[in-house]
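Dear colleague,

Please find below the structure that I am handing over to you. A summary of the findings follows it.

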Amino acid sequence: MTRFHGVFCVILLLTVAFEISPIHADNAVPVLLWGGSVNSDLAISAVNPFLKTTSEEFDLFLRKKLENSPPVLLYVKDNLCIEDLVRHKQHLQKVVTGDSLRYFPAVEKAVNTVEDLPSYNQTYSDYVDSVSDGQLLIMPISNLDIISETYKTIKDSTPNLVALLTGKSCIYRRSERVKRDASGNDASKHFIVSSNRVLLYSSQPLSLKMGEKEIELPLKFTVNDEPGTKRSASNLILLFNGTDANILKHKLVFMFEVQTAGYYTLKTANYSYYTSKNTIDNEQSLTANVDIVFPFNFSYHCSQNVIFKKGSTVLNITDFQVQLDAKQVVNNTKKFNDAYDCVGFTTIPIWTGIFVTAILALIMIWGLAMIIDIRTMDRFDDPKGKTITISAQE
């Protein structure tokens with residue numbers, strides 16, 4: 001029975017491992033097998049909670065275990081997972097014998113493998129008194145608590161009975177753990193632009209403020225690229241649907257320039273909108289509050305709010321990241337390269353560390369200078385000679 005308790009301790013650990021294990025993603029189910037004679041070749045061993053047994057491996061094990069065609073009792077539950085074994089472990093302890101217990105965390109097509117055993121006559125029944133050699137009794141159950149009563153009845157008349165407990169599938173539902181929506185961090189709120197040349201990201205929709213009026217630009221937009229004034233430069237044009245009856249469309253033009261060889265610069269973003277008369281109005285050149293400069297084949301990132309502003313018109317971008325000519329990955333999607341961050345190299349923590357280190361260095365230098373300046377005696381009295389006389393000048 002000690003081995004049995006060890007196996008169920010492993011089952012308890014499996015509930016934790018189940019959270020990170022891929023076992024619950026397919027049709028693999030746990031299997032408990034006990035009873036019959038003990039075979040040294042099939043002795044119980046340590047259970048790997050991440051081990052998945054294929055149907056072929058399980059079939060090979062059953063053929064060795066049942067080579068003498070003992071009577072087999074198969075308990076089948078429609079939905080059986082590791083959590084069910086843990087919840088009903090006290091009832092299972094009453095019937096399971098530890099000496100011949102075998103536990104498999106996840107077996108592929110376990111029920112089909114047992115039903116396909118050769119030289120076994122299959123019988124489906126909810127209740128019988130005994131099972132003969134070469135007979136496979138398949139008993140569907142809905143609750144694991146009834147195993148104790150039915151197993152003892154059959155075991156009394158069939159001493160060499162081999163019992164198995166498994167399920168048709170494992171459908172694990174975490175009804176008690178519901179993911180809460182984090183305001184402001186919903187993936188559907190992310191603003192992503194992927195044009196022919198520009199890849200732009202913001203964790204929030206773009207926010208536009210005109211005087212006292214604040215507008216959240218829609219997530220649906222049309223995008224286009226046009227060449228800049230210089231070679232390798234580019235303009236990113238975004239058109240958003242209007243947010244009220246007076247504005248039909250909002251237009252943003254991010255102007256990427258090459259002012260230094262090998263570096264892109266984003267200083268301005270032109271904003272305008274189309275009125276109900278289909279005319280362009282309020283065209284302004286907004287200036288960034290930070291220096292957005294990044295080399296070719298790199299991206300630019302700033303976790304602070306990047307603001308493009310002119311007068312009372314303010315464009316706010318949260319967690320801004322942008323790159324030109326980003327590399328493509330799987331399914332023609334683009335991916336940012338290594339980023340140049342808006343935070344400089346000498347941040348406040350770095351300056352603090354330098355300041356403290358400088359103070360400690362000055363204290364150390366002052367202490368060493370004091371130690372070096374100590375003068376020891378270089379003259380000593382000779383008891384047989386003349387007394388040493390030290391003048392005031394010395």
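Which residues form one aromatic cluster? The cluster consists of Tyr 264, Phe 294, Phe 296, Tyr 300 and Phe 320. In this work, rings of Phe, Tyr and Trp (its six-membered ring) pair if their centres lie within 6.5 Å; planes under 30 degrees apart count as stacked, over 60 as edge-to-face and the rest as tilted.

Please note the basis of these findings. This is a predicted model, in which local features need pLDDT of at least 70 and side-chain atom pairs count only at pLDDT 80 or more, while totals for chains, interfaces and linings use all residues. Residues are numbered from 1 along each chain as its sequence is written, and side-chain values use heavy atoms, with hydrogens and water left out.

Confidence

The mean pLDDT (the predictor's confidence in each residue, from 0 to 100) is 79 for the protein chain, and 81% of the residues score at least 70. Helices (H or I, at least four residues) and strands (E, at least two) are DSSP runs, numbered from the N terminus. Confidence is lowest in helix 1 (residues 2–17), with a mean of 49, and highest in helix 7 (residues 348–372), with 94. Residues 40–44 stay under 50 in pLDDT; the model gives them nine contacts beyond four places in sequence, a contact being heavy atoms within 4.5 Å. Residues 181–185 are also below 50, and this stretch has four contacts beyond near neighbours in sequence. Where pLDDT is low, the predicted coordinates should not be read in detail.

Aromatic pairs

The structure holds 13 aromatic pairs. One of them joins Phe 58 and Phe 104, and it is edge-to-face because the ring centres are 5.4 Å apart and the planes stand at 80°. Phe 58 belongs to helix 2 (residues 55–65) and Phe 104 to strand 3 (residues 102–108), so this pair ties together parts that are 46 residues apart in sequence. Phe 58 is buried, at a relative accessible area of 1%, and Phe 104 is buried at 8%. Here buried means under 20% relative accessible area, exposed over 50%, and partly exposed in between (1.4 Å probe, protein chains only).

Tyr 300 and Phe 320 form a tilted pair, with 6.3 Å from centre to centre and 55° between the planes. Tyr 300 lies in strand 16 (residues 299–302) and Phe 320 in strand 19 (residues 320–324), 20 residues apart. Tyr 300 is buried at 1% relative accessibility, as is Phe 320 at 0%.

Salt bridges

Five salt bridges are present, each being a side-chain nitrogen of Lys or Arg within 4 Å of a carboxyl oxygen of Asp or Glu. Among them is that of Asp 78 with Lys 168, whose closest N and O atoms are 3.7 Å apart. Asp 78 sits in strand 2 (residues 72–79) and Lys 168 in strand 6 (residues 162–169), so the pair connects parts 90 residues apart in sequence. Asp 78 is exposed, at 52% relative accessibility.

Arg 87 and Asp 84 form another salt bridge, at 2.4 Å between the closest N and O atoms. Both lie in helix 3 (residues 82–87), three residues apart, and are therefore separated by about one helical turn. Arg 87 is exposed at 57%, whereas Asp 84 is buried at 9%.

A further salt bridge joins Asp 325 and Arg 197 (3.0 Å, N to O). Asp 325 is partly exposed, at 36% relative accessibility.

With kind regards
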